[in-house]
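Grab a pencil and let's work through a few exercises on a protein structure. Try each task yourself before you read the solution.

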Amino acid sequence: MIGQTVTVTVDRPKGSVHSVYKNLVYPLNYGFVQGIMAPDGEWQDVYIMGVEVPVRQFTGRVIAVIKRLDDVEEKWVAAPQGVTFSKEEIQKQTYFQEQYFTCEIFCEND
């Protein structure tokens, strides 16, 4: 999937509060790709990096996949065309949620 262009429906815009965990504020836009089923049986989840304002929809390129080793889910990371981030930067920006899992990050730069 890395390198593919996807359109993400953002259901948790940057700055929004999680519906269940009220102390979890999203520092990134976060959503899903409708039509692509993830291993958990839901639409594929995507973190959006490189967009500094809340958005409702985003079209960009998948630059990484976060594989959760202790969960069935994997998360994609998308960014605007031509924008890249290091594995360390992806880990830092997704830590707010991925800190609860053991993860491996696969990047286009690997």
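The model is predicted, so keep the rules in mind: local features need pLDDT of at least 70, side-chain atom pairs count only at pLDDT 80 or more, and totals for chains, interfaces and linings use all residues. Residues are numbered from 1 along each chain as its sequence is written, and side-chain values use heavy atoms, with hydrogens and water left out.

**Exercise 1. List the secondary structure elements of the protein chain in order.**

Step 1: Walk along from the N terminus, and you read β-β-β-β-β-α-β.

**Exercise 2. Compare the radius of gyration of the protein chain with that of a compact globule.**

Step 1: Get the rule. The radius is taken over C-alpha atoms, and the globule rule is 2.2 Å times the number of residues to the power 0.38.

Step 2: The C-alpha atoms fill roughly 35 × 30 × 30 Å along the principal axes.

**Exercise 3. Work out how the span of helix α1 compares with a straight helix, and what α1 packs against.**

Step 1: Helix α1 covers residues 87–98, which is 12 residues. The expected span is 1.5 Å times one less than the number of residues.

Step 2: A straight helix would reach 16 Å, but the end C-alpha atoms of α1 are only 13 Å apart.

Step 3: Find the buried residues (under 20% relative accessible area with a 1.4 Å probe, protein chains only; exposed is over 50%, partly exposed in between). In α1 they are Ile 90, Thr 94, Phe 96, Gln 97 and Glu 98.

Step 4: Look at their partners. These buried residues pack against β2 (29–37), β3 (43–48), β4 (57–68), β5 (74–79) and β6 (103–107).

**Exercise 4. Decide whether Asn 23 and Asp 45 are buried or exposed.**

Step 1: Asn 23 sits in the loop between β1 (5–12) and β2. Its relative accessible area is 73%, so Asn 23 is exposed.

Step 2: Asp 45 lies in strand β3. With 14%, Asp 45 is buried.

Step 3: Check the contacts of Asp 45 (heavy atoms within 4.5 Å). Leaving out residues up to four places away in sequence, Asp 45 touches several residues, including Tyr 30, Phe 32 and Trp 76. Trp 76 is 31 residues along the chain from Asp 45, yet their C-alpha atoms are separated by 6.3 Å.

Terms used:
Helix = DSSP H or I, 4+ residues; strand = E, 2+ residues; numbered from the N terminus.
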